[in-house]
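Subject: Handover of a structure and its computed features

Dear colleague,

Please find below the structure that I am handing over to you. A summary of the findings follows it.

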Amino acid sequence: MKSQRPISSDEEHRVLQFRPRTSPSPTVHRGNGTVQPLRGAPKPLDLSRYEQPRTEPDDFRHRMLANIAALAFTIALTAIGIWLAVSIADLRRTQDCVLMGRRDCAKIATPLI
C-alpha cells in the first residue's frame with residue numbers, strides 16, 4: 001500500500017488566470033459535415049411551435065365524461081387487485097394450515113339464531 005504524502009503548500013493555493021473568449025469560435029469539422037458554433041443566446045424552448053389552430057372548439061363535456069370513465073376503470077381495477085391479493089393470502093393461509101397437518105383449517109360459517 002502506498003503512503004500518501006502531504007501536498008506542498010505552493011501547489012495548495014494556486015490561482016489560475018482565465019482569459020475571456022473575445023474571438024469567435026472556430027468551426028469544428030466532424031466526419032463529413034461542419035458544425036457551426038452557436039451565435040448569441042439561444043431562444044428559450046416553448047411549446048408554441050407545436051400548437052395547431054383548432055377547427056372546432058374543445059368539447060369539455062366529452063372530455064369530463066372520458067375522465068370519469070377512466071377514474072371508474074382505475075378504481076375498479078384497484079378493487080379487483082385488492083380482492084385478488086386478499087384471496088391469495090387466504091388460500092395460502094389455508095394451505096399452510098393443511099400442510100402442517102391440522103384438521104380444523106376450513107372456516108365454517110354459523111347462522112345467527
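Which side chain meets that of arginine 93 in a salt bridge? The partner is aspartate 90, at 3.4 Å from N to O. A salt bridge is taken here as a side-chain nitrogen of Lys or Arg within 4 Å of a carboxyl oxygen of Asp or Glu.

The model is predicted, so local features need pLDDT of at least 70 and side-chain atom pairs count only at pLDDT 80 or more, while totals for chains, interfaces and linings use all residues. Residues are numbered from 1 along each chain as its sequence is written, and side-chain values use heavy atoms, with hydrogens and water left out.

Overall architecture

The protein has two helices and two strands, in the order α-β-β-α from the N terminus. These elements are DSSP runs numbered from the N terminus: helices are H or I with at least four residues, strands are E with at least two. Of the 113 residues, 2% count as buried; buried means under 20% relative accessible area, exposed over 50%, and partly exposed in between, with a 1.4 Å probe and protein chains only. The accessible surface comes to about 12600 Å², and 59% of that surface belongs to carbon and sulfur atoms. Areas were computed by the Shrake-Rupley method with a 1.4 Å probe, and for residues only the protein chains shown count as cover.

Helix 2

Helix 2 covers residues 60-99, which is 40 residues. From first to last C-alpha this helix reaches 58 Å, close to the 58 Å expected at 1.5 Å a residue; the expected span is 1.5 Å times one less than the number of residues. Arginine 93 and aspartate 90 both lie in helix 2, three residues apart, about one turn of the helix. An α-helix has 3.6 residues a turn, so residues three or four places apart point the same way. Aspartate 90 is partly exposed, at 33%. Threonine 94 also belongs to helix 2 and is partly exposed, at 32%.

After the helix, and the other pairs

Just after helix 2, glycine 101 takes a positive phi of about 95°. The C-alpha atoms of threonine 94 and aspartate 104, ten residues apart along the chain, are separated by 9.8 Å.

The count of salt bridges comes to three. Aspartate 104 pairs with arginine 102 at 3.7 Å, N to O; aspartate 104 is exposed at 55%, whereas arginine 102 is partly exposed at 47%. Aspartate 58 pairs with arginine 63 at 3.1 Å, N to O, and both are partly exposed, aspartate 58 at 44% and arginine 63 at 41%.

Yours sincerely
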